[in-house]
Amino acid sequence: MAVSSLLWRAAGAVLCVLVAAGEAAADICVDVDLKVAGHDLSPLAEQSLRSEAAALWQPYGVRIQWSTTGEESRCSPVHASFDVRVEYQPTPAGKAPRTIVLGSTQLVSGTIDCAAIVLDYDATEELIGSSPAIGLFTLAGQTQAGPADIGRALGRVLAHEIGHVLLAESRHPLRGLMRKSFAARDLVTYQRRAYTLSREEVDRLRQREHELTGPGRGQEEGQTRVRPLGV
C-alpha cells in the first residue's frame, strides 16, 4: 500500500507539471541542423534522437524543426537556430578513463540566432554501457543498448542543451530536464518523467517567448559561452 501510494503521488506530481505546461505553453519555433562527424549515425538512431528531443519540448509549446523538414511543414518565424554535431570520441587504448561529458553548447557572440551544440556519441554509449545488463533489461527489455536506445539518450542530451539557450540559464536545478547530470538508467528508460520543466522554468520560458518575438529578439548580454553537461 505504501509503495502504491508513493507511485500515485509521483504520477500526480508529473501530471501537475504537464498540466501547468499545457496551460502556460509558449509558442517558440527552433531550427536544428543535425550533422554527424567521424562515422555515420544509423537511420534508427537518428530518428530516435529527433523524435525524443521533439517530444520532450512539445508539451511546452516549443516546436523543433529539422533542416531536412519539407517547406510545407516548416514553422515560421524561426526564433532560434542550432547547429548540432554528433561526434565520435572514443577513449584511446591504454588511456585512463575520461570525465564523461555528454554534450556542450557554445553560444556564439552572446546571441541565440545560431548556437553550436556538440553531442558525444561515445561518451553516451559508454555511460549506458556502465549500467548492469540486468538493469538494461529491466528498463529497455534487452541486455545491450541498441541504436534506438543510443538515439533516445542523445535526444535527451540535445533537449537539455537546447534548454540552456531557450531559458538563457546556465545553472542546473536538482531535478528535471535541466539537472546537471543524467544516470545511465535515466537515459535508457522509456519513461520521460525525469525530463520535465519546473513551474518556474515554464514561467521563464514564457518570458523568453516575449523576448524572442519582440523588438531586438535574440540579443543576450555577454560573450561566447560554453555550457557543458557534466556527468
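This is a predicted model: local features need pLDDT of at least 70, side-chain atom pairs count only at pLDDT 80 or more; totals for chains, interfaces and linings use all residues.
Local features here need pLDDT of at least 70 and side-chain atom pairs count only at pLDDT 80 or more, while totals for chains, interfaces and linings use all residues. Residues are numbered from 1 along each chain as its sequence is written, and side-chain values use heavy atoms, with hydrogens and water left out.

User: Which parts does the pair of Cys29 and Cys75 tie together, and how many residues apart are they in sequence?

Analyst: A disulfide, defined as a pair of cysteine sulfur atoms within 2.5 Å, joins Cys29 to Cys75 with an S to S distance of 1.9 Å. Cys29 belongs to strand 1 (residues 28–37) and Cys75 to the loop between strand 2 (62–66) and strand 3 (80–87), so the parts tied together are 46 residues apart in sequence. Strands are DSSP runs (E, at least two residues) and helices likewise (H or I, at least four), numbered from the N terminus.

User: Is Cys75 buried or exposed?

Analyst: Buried means under 20% relative accessible area, exposed over 50% and partly exposed in between, with a 1.4 Å probe and protein chains only. Because its relative accessibility is 14%, Cys75 counts as buried.

User: How is helix 2 oriented relative to helix 5?

Analyst: The axes, lines fitted to C-alpha atoms over the stretch in contact, with angles from 0 to 180 degrees between N-to-C directions, come within 7 Å and cross at roughly 40° for helix 2 (residues 43–57) and helix 5 (residues 147–166). Angles under 35 degrees count as roughly parallel, over 145 as roughly antiparallel, 65 to 115 as roughly perpendicular and the rest as oblique, and therefore helix 2 is oblique to helix 5.
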